[in-house]
Amino acid sequence: MLDGTGPEWLSEEVKTGTTIIAIEYNGGVVLGSDSRVSAGASVVNRVMNKLSPLHDKIYCALSGSAADAQTIAEMVNYQLDVHSMEIGEDPQVRSAATLVKNISYKYKEELSAHLIVAGWDRRDGGQVFATLKGLITRQPFAVGGSGSSYVYGFVDAEYRRGMNKEDCQQFVVNTLSLAMSRDGSSGGVAYIVTIDEHSTEEKVILGNDLPTFFDQ
Amino acid sequence: MEKHYTGSQVKGVSTGTTILAAVFDGGVVIGSDSRASIGGEYVSSKTINKVIQVHDQIFCCMAGSLADAQAVTKAAKFHLSFHSIQMETPPLVISAASVLKDLCYKNKDELQAGFITAGWDRKKGPQVYVVALGGMLVSQPVTIGGSGSTYIYGYVDAKYKPNMSREECLQFATNALALAMGRDNVSGGIAHLVVITEKGVEHVVVPGDKLPKFHDE
């Protein structure tokens, strides 16, 4: 199967060439991702939700190798469940990010996945952590995946402190739409998750409902 | 602009670069950063001007090896001035772009360069042409190039509007260059911009400390 005969996509590694983004606002976080999973030049899943729950109010966004990312998310989901039973209350976002970081750092040679961890906890409100290659850093917003390169300029220019929930959601949707239109490995639909003290809301925005820009 | 072989794959001094050009209502803006580096390790010049004049109202920028840039634009300048003497009229912007395209296509094995040509002519007014790596020639209202351009695709797609005013377009170009220089470690220095309209040509230089700053700076 994993040889030169047969269709190409059987022998190519499955990657979530991706665009993921998470942003914090006063009272919560918004996470967003595209939905394309590619194996070489083929799209093997065009509707994958790359926003994976680690706990009720903590999600992570997956990028890089699909298998590695999903495995890390499942392992951390399990470890967080045990941890939250031990402490008797909901875990902190920082704890979830630290668990992800521990795995990413220990197996950094073998794994090639980058997870952004974001969520809400009672102690520090909405938080976003980047865990690239085993570091952990809290940021007001984080972007990742192959499509993120194309939108660094846009997010640098458009991000302002003190945005409210609706502004953040619009910011995430605009960024995803721009990245999806330029990156061949990102596309499909946009998944948005909004987490705050009261609720965790998941939303899907279909391809033709995404914002368009001057040349489309 | 001297050649230093450091054993890296890049031959000679290369412009890790950000270049762009955009059409506005009545003219074009073409601009670039000013850093020349060797393999991304050493900045060999902080203030080089990558916007090169090939005729009175036609400028071009190149992303790629500096040596190639100089050689190709010198050849293009010669062809164009000869052409304009023969035709007894200033050359069209598309002629300038075609000259560059021919040079790129015929030497595609040796050259690794992409060009942006922008200018004004009496037939079609302000235009921007891009010659891509293998020699494809395409006209676009706005275009970006160089290693730093990756980071501003989203910004340019979102913020460019057709028929902007001169000031809006200048601000757009300066912002885009500043954002790219902020993220790309082989682009930097000052922003060189040239505004070309029917009336003539104006150079705008924005030094590093006057570049727009964004939220995290």
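User: Two strands count as a pair if DSSP finds at least two bridges between them. In this predicted model, over how many bridges do strand β2 and β11 of chain B pair?
Analyst: This is a predicted model, and the strand to start from is β2(B), residues 19-24. One bridge joins B:Ala21 to its partner B:Thr143 in β11(B). Taken together, β2(B) and β11(B) run antiparallel, and the number of bridges between them is 4.

User: In what order do the strands of that open sheet in chain B sit?
Analyst: There are 5 strands here, with antiparallel pairing. At the edges stand β11 and β13 (200-206) of chain B, each pairing on one side only. From one strand to the next, the twist averages 15°. Reading across the sheet, the order is β11-β2-β3-β12-β13.

User: Which residue stands opposite B:Ser32 in β12(B)?
Analyst: β3(B) has β2(B) as an antiparallel partner over 6 bridges, and there B:Ile19 stands opposite B:Ser32. β3(B) is also joined to β12(B) by 6 bridges, again antiparallel. In β12(B), the residue across from B:Ser32 is B:His192.

User: How many residues of β3(B) are buried?
Analyst: In a regular strand, side chains alternate between the two faces of the sheet. On one side of β3(B) we find B:Gly27, B:Val29 and B:Gly31, and on the other B:Val28, B:Ile30 and B:Ser32, all of them buried. That leaves both faces covered, and the count of buried residues in β3(B) is 6 of 6.

User: Which residue takes a positive phi in the hairpin of β2(B) and β3(B)?
Analyst: The two strands of this hairpin have 2 residues between them. The phi in question is near 110°, and the residue that takes it is B:Gly26.

User: At about what angle to β12(B) does α4(B) run?
Analyst: α4(B) spans residues 166-183. This helix lies across β2, β3, β11, β12 and β13 of chain B. Its angle to β12(B) is about 155°.

User: Is B:Leu177 buried or exposed?
Analyst: This leucine is found in helix α4 of chain B. Leaving aside neighbours within four places in sequence, its contacts include B:Leu20, B:Gly31 and B:Leu193. Buried means under 20% relative accessible area. At 0%, B:Leu177 is therefore buried.

User: Over to chain A: which strands stand at the edges of its sheet, each with a single partner strand?
Analyst: Chain A has an open sheet of 5 strands in the order β11-β2-β3-β12-β13, with antiparallel pairing. Neighbouring strands of this sheet are turned by 10° against each other on average, direction ignored. The two end strands have a single partner each, so one side of each lacks a neighbour in the sheet, and these strands are β11(A) and β13(A).

User: What is the bridge partner of A:Val193 in β13(A)?
Analyst: Strand β12(A), residues 190-196, pairs with β13(A) in the antiparallel sense over 6 bridges. Across from A:Val193, the partner is A:Glu202.

User: Which helix lies across β2, β3, β12 and β13 of chain A?
Analyst: The helix covers residues 165-182. It runs at about 165° to β2(A), and its name is α5(A).

User: How many residues lie between β6(A) and β7(A) in their hairpin?
Analyst: β6(A) is mostly covered, with 4 of its 5 residues buried. The two strands pair antiparallel over 4 bridges, and A:Ser52 stands opposite A:Cys60. Between the strands of the hairpin, the number of residues is 2.

User: Which element gives the largest share of the lining of the largest pocket?
Analyst: This pocket holds about 590 Å³ of space. Its lining has 32 residues, and among those nearest the centre are A:His114, A:Val143 and A:Tyr152. The elements giving two or more residues are β7, β8, β11 and α4 of chain A. With 4 residues, the largest share comes from β11(A).

User: Which residue forms a tilted aromatic pair with A:Tyr152?
Analyst: Over all chains there are 9 aromatic pairs. This one has its ring centres 5.9 Å apart and 55° between the planes. A:Tyr152 sits in helix α4(A), and the pair crosses to a loop of chain B, between β11 and α3. The partner there is B:Tyr151.

Conventions
Residues numbered from 1 in each chain as written. Chains lettered and ligands numbered in written order. Predicted model: local features only at pLDDT ≥ 70, side-chain atom pairs only at ≥ 80, totals over all residues. Heavy atoms only, no water. Axes fitted to C-alpha atoms, helices over the stretch in contact; angles between N-to-C directions. Contact = heavy atoms within 4.5 Å. Phe/Tyr/Trp six-rings, centres within 6.5 Å; stacked < 30°, edge-to-face > 60°. Buried < 20%, exposed > 50% of the residue type's maximum accessible area, 1.4 Å probe, protein only. 1 Å grid on protein atoms, 1.4 Å probe; cavity = no way out; pocket = protein on both sides within 12 Å on 5 of 7 lines; lining within 4 Å. Points joined across faces, edges and corners; volume = space filled by probe spheres on them.
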